Amino acid sequence: MSELIAGISESTEKAVSAKLTFAMFKLTSKFKPTGDQPQAVEKLVAGLKSGLKHQTLLGVTGSGKTFTIANVIAEIKKPTLVISPNKTLAAQLYQEFKEFFPQNSVHYFVSYYDYYQPEAYIPHTKTYIEKDSRINEEIDKLRHAATQALLTRDDVIVVASVSCIYNLGSPEEYKKMSLEVSEGQKMTGAELHKNLIRLQYAQDIELKRGKFRKTSEEFEIVPATGDRVIKIKILNNKIKRMGVAENIDLEALDFGDLKYHRVVETKIFPAKYWIAPQNKLSIALSNIKTELDKHIKKLKKDGRSEEAWRLKERTELDLEMIKQTGYCHGIENYSCHLDFRNPGDPPYTMLDFFKTKKDFLTIIDESHITIPQVRGMFHGDHSRKSTLIEHGFRLPSAIDNRPLRFDEFSERINQVIYVSATPKTFELKKSGKKGLAEQLVRPTGLLDPTIEVFPTEGQIPHLVSEIRKRVAKKQRVLVTTLTKRMAEDLAEYLADEKIKVNYIHSEIKTLKRLEIIHDLRLGNYDVIVGVNLLREGLDLPEVSLIAILDADKEGFLRNATTLIQTMGRAARNVDGHILMYADKKTKSMEAATKETFRRRKIQEKYNFKNKITPTTIYKNITKSDLPASATPKMVYAGYDLSKSSDSVSNKNKLAELQKEISKAIKNLEFEKAMVIREQMKELKKLF
């Protein structure tokens with residue numbers, strides 16, 4: 001491989017600098033804004049340019065809200081943070097934005113745990129639960145790519161979950177800790193080796209993400225992003241030549257086939273976020289020790305010698321690890337000292353990486369869900385940490401390793417656009433009429449469903465009759481109840497009526513729920529009964545009827561927002577219809593009905609003007625779309641897990657399934673990965 005670099009002639013190969021310039025956002029799409037999209041884009045862009053801090057895009061399901069936001073980003077040309085309520089929706093948005101902006105830097109930033117059990121203590125049973133987690137390498141790689149892009153480029157879009165408000169470490173220190181190297185720079189092999197160890201790179205024979213290997217003169221380094229290999233040749237205590245092989249796949253890579261292009265300078269970022277800066281390390285360790293001594297005295301004074309002993313032993317072990325290696329398990333709990341923050345000061349988060357830019361735009365998707373999530377994160381974390389501190393498992397400063405409070409989050413974002421089909425009072429009040437853009441027209445012409453209210457007396461026979469009408473048309477039905485017991489009892493009754501039915505509620509495992517939903521699309525069921533069948537992003541074009549039992553029982557499951565969201569599940573079918581069973585019309589029912597009717601009239605007017613005949617959305621169902629558990633046998637990757645076999649072959653199956661999980665996660669197919677993981681659990685039971 002050294003010949004690959006040495007063989008590049010300076011006269012024929014132009015050296016490429018790591019300091020590149022990038023074109024601003026360029027939207028790529030074969031479609032042009034249509035329907036309500038042009039006026040929504042125009043209004044949002046005008047609001048941003050006039051300095052409005054809060055705006056809301058009220059867009060119905062199927063109106064192309066993501067395309068509208070993409071046009072806004074292309075027009076306003078600012079780095080953009082998109083916050084989504086969960087990993088799956090974030091993955092969908094990430095893929096869409098990558099397609100819209102193929103020439104720009106689009107990234108994905110979500111929690112990097114495959115599973116996560118936070119450190120906790122249960123006082124009444126004296127049970128300590130140690131932190132247990134498994135970091136997903138692929139997602140960690142994507143997180144590093146996102147933060148590094150924010151420090152090196154301007155044309156950046158990061159699609160994130162609410163994990164973006166969690167402690168991440170100082171972007172300034174992250175950037176300072178990086179190693180800048182250039183051709184001709186004086187540096188010995190020993191110095192480069194020491195610097196790589198300081199940045200938490202591990203030496204290994206096999207090249208993997210966050211590792212390096214060396215000969216007497218050459219270093220091969222795989223950065224934390226895992227998408228390239230940096231080769232540095234040192235001769236006579238000087239960097240003689242450097243090369244970079246980009247866009248690689250480490251798993252499928254034959255390192256003998258690496259094609260390097262020459263660079264004259266590059267930057268190597270840390271392999272981990274939490275690394276203590278060497279020039280401040282002794283001060284930080286001293287401050288931690290001072291806090292430890294002070295808190296031990298307090299615990300002993302309060303008669304809590306056991307807690308004092310426990311805290312002393314745990315903390316001193318961590319201090320020694322940080323002193324020796326610059327890192328320890330749970331180092332983020334000392335972030336207040338390592339960042340030199342005052343007690344109570346907010347932590348550094350992804351938002352601080354965005355603040356390294358002069359200005360940036362924030363998009364909050366499904367804001368009616370995401371905003372409450374952001375509000376609630378701090379309180380649960382604070383309660384858990386307080387218990388750990390009280391019982392001597394952590395220093396008091398560990399409380400500052402936390403997510404942002406909502407007021408801190410609000411201070412850190414500049415201009416924001418809330419996106420939802422049902423924005424709540426918070427978003428609407430913040431935006432005002434001036435900041436509200438409506439997108440109520442679907443380019444497909446599909447209308448919001450019609451609505452009918454039927455009295456509760458005789459509701460079940462009426463429901464059965466309506467279900468049979470839909471079944472005759474090969475259409476599907478969703479029925480919502482208020483309790484789990486009602487869902488189960490109604491499903492049993494419908495089954496006795498020879499209707500293919502199943503039920504869903506919180507006690508049904510997530511993977512089983514996915515299986516039931518897919519079976520509904522396939523026609524294995526005609527009806528699903530559930531307590532809360534509302535799910536943002538749930539796409540069921542086969543569903544033409546939604547029946548809402550006890551619609552007049554005001555509460556979370558029957559407020560205006562939930563009713564509108566539930567009704568929206570029938571908006572992808574030309575025969576979409578809502579049946580609300582109630583003996584009176586509540587304010588929520590009236591509000592939901594009025595809003596749905598308003599949206600329907602706007603769409604009808606658009607269809608008439610443009611001579612559009614709405615048709616049901618057709619979404620193909622292929623075998624690859626279905627979870628493996630959607631078949632009677634537990635078959636995946638060619639294995640029938642329902643058949644037992646010897647432990648050796650079962651372990652081979654486990655290895656194959658783990659590869660399938662890695663492949664699914666790499667493709668951001670989290671639901672598929674969850675299915676495979678559940679099957680691995682079943683397989684392990686066999687031996």
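Within helix 19, E604 and K601 sit 3 residues apart, about one turn of the helix. (Helices are DSSP runs of H or I with at least four residues, strands are DSSP runs of E with at least two, and both are numbered from the N terminus.) The side chains of these two residues, E604 and K601, meet in a salt bridge at 3.6 Å, N to O. Here a salt bridge is a side-chain nitrogen of Lys or Arg within 4 Å of a carboxyl oxygen of Asp or Glu. E604 counts as partly exposed because its relative accessibility is 28%, and K601 is partly exposed too, with a relative accessible area of 42%. The labels work like this: buried is under 20% relative accessible area, exposed is over 50%, and partly exposed is in between, using a 1.4 Å probe and protein chains only.

A word on the ground rules. This is a predicted model, in which local features need pLDDT of at least 70 and side-chain atom pairs count only at pLDDT 80 or more, while totals for chains, interfaces and linings use all residues. Residues are numbered from 1 along each chain as its sequence is written, and side-chain values use heavy atoms, with hydrogens and water left out.

Back to the charged pairs: the structure holds 41 salt bridges. In one of them, D140 pairs with R209, and the closest N and O atoms are 2.9 Å apart. That pair links distant parts of the chain, since D140 belongs to helix 5 (residues 137-152) and R209 to the loop between strand 11 (202-203) and strand 12 (211-214), 69 residues apart. D140 is buried, with a relative accessible area of 9%, and R209 also counts as buried, at 16%. Another salt bridge joins the side chains of E438 and R598 at 2.7 Å, N to O. E438 lies in strand 19 (residues 436-439) and R598 in helix 19 (residues 587-610), so this pair ties together parts that are 160 residues apart in sequence. E438 is partly exposed, with a relative accessible area of 25%, and R598 is partly exposed at 29%.

E438 turns up again around A40. A40 is part of helix 2 (residues 37-49), and it counts as buried because its relative accessibility is 0%. Leaving out residues up to four places away in sequence, A40 touches L57, T68, A437, E438 and Q439; a contact means heavy atoms within 4.5 Å. A40 and V72 are 32 residues apart in sequence, and their C-alpha atoms are 9.1 Å apart in space.

Strand 4 is next. This strand, residues 105-109, is mostly covered, with 5 of its 5 residues buried. Cover comes on both faces: S105, H107 and F109 are buried on one side, and V106 and Y108 on the other. Strand 4 runs parallel to strand 9 (residues 156-160), and 5 bridges join the two; strands count as paired if DSSP finds at least two bridges between them. F109 has A160 as its bridge partner in strand 9.

F109 also matters for the tally of the nonpolar cores. A nonpolar core is a set of buried Ala, Val, Leu, Ile, Met, Phe, Trp, Tyr and Cys residues joined through side-chain atoms within 4.5 Å. The largest one has 48 residues, and those with the most contacts inside it are F109, V158, M350 and F409. Helix 8 (residues 278-301) supplies the largest share of this core, 7 residues. Apart from this core lies another, of 36 residues, including F25, L57, F100 and I157. As for V158, its contacts beyond four places in sequence are T80, L81, V82, H107, F109, A146, L150, M350 and F354.

What about the cysteines? C164 is buried, with a relative accessible area of 0%, and C328 counts as buried at 1%. A search of the whole structure finds 0 disulfides, a disulfide being a pair of cysteine sulfur atoms within 2.5 Å.

Finally, confidence. The mean pLDDT of the protein is 85, and 87% of its residues reach 70 or more; pLDDT is the predictor's confidence in each residue, from 0 to 100. Over residues 1-22 the pLDDT is below 50, and this stretch has 35 contacts in the model beyond near neighbours in sequence. Residues 622-645 also stay under 50, and the model gives them 47 contacts beyond four places in sequence. Where pLDDT is low, the predicted coordinates should not be read in detail.
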